[in-house]
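Have the sequence and the 3D view ready as you read.

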Amino acid sequence: MNDAESLPLACSKILHEKTRQKLTFAQIARHISHDEVWTAALFYGRASPSVKDIQLLAGLLNLSAETLEEDFRISGPPLRETAVPHTTDPVVHPFQEALELYKPAIRSVITERLGDGAVSAPNMKVHIEKNTTAKGTDIKLVLESKYIPYQSW
């Protein structure tokens, strides 16, 4: 993403170091013991790091943990508002909200893994799975589609 100027200072710093050191979100996620998309969301100001997360990131990225912690504190809580009008449908709304919230992270992880391209909506398959646990019923939504790389000419 090319919107580093609009990111909180802490996010700009860690994104800059990630790029400079040629690290992937997957590598960083393994280092801080979080999911790859959550890690990318953190880098785009959509998730809150713990003090331990900040210390691990600072060590990996060769940044001052104290300064990085202060930068995150000054930034305030993550920006989780969205500009897209939402449906009030209680089944669909959470998916719209999640896609909008994690949009920069999802886009970054996809392009990091597959390169610059586009996801094909007409070729998309949607799978829904039910998972019953002792805590209740969960659903798993899988969106599967063709990825079309942009070409130079």
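Lys13 counts as partly exposed, because its relative accessibility is 28% (buried means under 20% relative accessible area, exposed over 50%, and partly exposed in between, using a 1.4 Å probe and protein chains only). Helices here are DSSP runs (H or I, at least four residues), numbered from the N terminus.

Leaving aside neighbours within four places in sequence, Asp71 touches Leu9, Ala10 and Lys13, where contact means heavy atoms within 4.5 Å.

A quick note on the source: this is a predicted model, where local features need pLDDT of at least 70 and side-chain atom pairs count only at pLDDT 80 or more, while totals for chains, interfaces and linings use all residues. Residues are numbered from 1 along each chain as its sequence is written, and side-chain values use heavy atoms, leaving out hydrogens and water.

The structure holds six salt bridges. One of them joins the side chains of Glu36 and Arg113, at 2.0 Å from N to O. Glu36 lies in helix α3 and Arg113 in helix α6, so this pair ties together parts 77 residues apart in sequence. Glu36 is buried at 12% relative accessible area, whereas Arg113 is exposed at 58%.

Another salt bridge brings Arg73 and Glu70 together (2.6 Å, N to O). These two are three residues apart in helix α5, so about one helical turn separates them.

How much of α3 is buried? Six of its eight residues (it spans 36–43) are. Among them are Thr39, Leu42 and Phe43. The cover over the buried residues includes α1, α2, α4, α5 and α6.

α3 packs against α6 at an angle of about 115°, with the axes 8 Å apart. Axes are lines fitted to C-alpha atoms, for helices over the stretch in contact, and angles run from 0 to 180 degrees between N-to-C directions. On the α3 side, Glu36, Val37, Ala40 and Ala41 meet α6 residues including Tyr102, Ile106 and Arg113.

How values were computed:
A salt bridge is a side-chain nitrogen of Lys or Arg within 4 Å of a carboxyl oxygen of Asp or Glu.
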